[in-house]
Amino acid sequence: MIIEIDPAGGFCFGVVKAIETAERLIREGQDVYCLGEIVHNEHEVKRLASMGMNTTCHNDIPELKNRTLLIRAHGEPTETYSIASSNNIRIVDATCPIVLKLQKKIREGFKEMERLNGQVVLFGQAGHPEVIGLNSQTENTAIIISGSEEMERIDFTRPIRLFAQTTKDKIKYQKLAGLMEDAIASSGENSPDFKMYKTICGQVSDRIPKLIEFAKKHDVIVFAGGKESSNAKVLFQQCLAVNHRTHFVSGPEEIEPSWFLQCNSVGISGATSTPRWLMEEIKRQIAQMNPEISY
Ligand code: SF4
């Protein structure tokens with residue numbers, strides 16, 4: 001049996017940047033507090049905690065006077081910056097450049113919609129940290145929908161600017177935009193004003209065709225990701241659609257030997273928040289269960 005780690009799997013550049021920033025601050029001896037888990041991966045969070053990084057939450061920000069607050073790749077709502085500044089807290093902003101660009105686009109879309117009595121619609125997961133930051137650019141007025149079944153909340157007779165959370169499924173986003181165009185047409189609006197912005201991150205969508213090929217070529221796929229990771233859910237579903245022997249794990253302890261019965265090859269892949277070292281550990285764990293594995 002052979003076992004292969006997906007060469008295109010694991011951390012995206014936004015997450016790499018945030019983690020490298022955290023490691024640098026720790027090396028400099030700073031008392032670093034990351035606002036929320038730095039990535040949706042408990043193993044990586046534990047590794048950084050063992051190096052000295054603290055994880056904090058929004059309620060505790062005022063208690064961090066004169067300390068360093070690290071903003072992770074997902075970004076933060078505008079209020080976080082003002083609360084930190086009024087409490088003399090130093091912010092180190094590791095928001096992914098792609099998320100920053102999207103925040104700016106949404107802010108502009110919101111200003112335009114204010115002038116035109118329109119609506120900002122956000123295809124995303126309500127409550128997700130990135131979505132909270134994006135929604136704050138609209139003064140928390142965006143209509144957040146996770147699928148077409150929630151479209152009745154939109155007034156199709158008024159202007160619409162449509163954006164997506166960076167890690168959403170590109171095909172579902174395109175279908176949603178198509179359904180919205182149909183709804184505008186059937187609303188009888190004579191001069192529809194609808195714009196859809198392509199805001200899904202290429203680090204996720206460009207990965208999918210390669211991941212599908214990878215999942216097809218192995219008998220069994222072990223997909224590693226954090227249970228809270230939106231991107232892990234999307235990528236796992238893509239593997240499962242082409243290989244029914246795909247298993248989701250958050251760490252090596254969840255692997256079961258029975259998955260590898262009558263199996264000649266195993267592929268291991270991971271989300272944009274999954275560290276390479278974790279995929280290596282999963283590989284070692286599978287190898288221990290199956291001593292006949294060749295590399
Ligand atoms: S998935 Fe894309 S947008 Fe999100 S952190 Fe990674 S590079 Fe940035």
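How much area do domain 1 and domain 2 bury between them, and what share of it lies on carbon and sulfur atoms? In this predicted model, the two domains bury about 750 Å² between them. Carbon and sulfur atoms account for 56% of that area. The size of an interface is often given in this way, as the accessible area lost when the parts come together.

The domain assignment divides the chain into three domains. Domain 1 is made of residues 2–10 and 204–289. Domain 2 spans residues 13–96. The contact between domain 1 and domain 2 draws 14 residues from domain 1 and eight residues from domain 2. The centres of these two domains, taken over C-alpha atoms, are 29 Å apart.

Zero salt bridges were found between domain 1 and domain 2. Four residue pairs are in polar contact across this interface, both partners at pLDDT 80 or more. On the side of domain 1 that touches domain 2, eight residues are polar, four are nonpolar and two are charged.

Attention then turned to Leu70. Leu70 sits in strand S4, which covers residues 68–71. Its relative accessible area is 0%, so Leu70 counts as buried, the cut-off being under 20%. Beyond residues up to four places away in sequence, Leu70 touches Ala18, Thr21, Ala22, Leu25, Val32, Tyr33, Cys34, Leu35, Ile38, Met53, Val92 and Ala94. Ala94 lies 24 residues from Leu70 in sequence. In space, the C-alpha atoms of Leu70 and Ala94 are 6.9 Å apart.

Note on methods: Residues numbered from 1 in each chain as written. Predicted model: local features only at pLDDT ≥ 70, side-chain atom pairs only at ≥ 80, totals over all residues. Heavy atoms only, no water. Domains from an automatic or database assignment. Contact = heavy atoms within 4.5 Å. Buried area = accessible area lost by both parts, 1.4 Å probe. Salt bridge = Lys/Arg side-chain N within 4 Å of Asp/Glu carboxyl O. Polar contact = N/O pair within 3.5 Å; in protein donor to acceptor, adjacent residues only side chain to side chain. Nonpolar A, V, L, I, M, F, W, Y, C, P; charged D, E, K, R; others polar. Helix = DSSP H or I, 4+ residues; strand = E, 2+ residues; numbered from the N terminus. Buried < 20%, exposed > 50% of the residue type's maximum accessible area, 1.4 Å probe, protein only.
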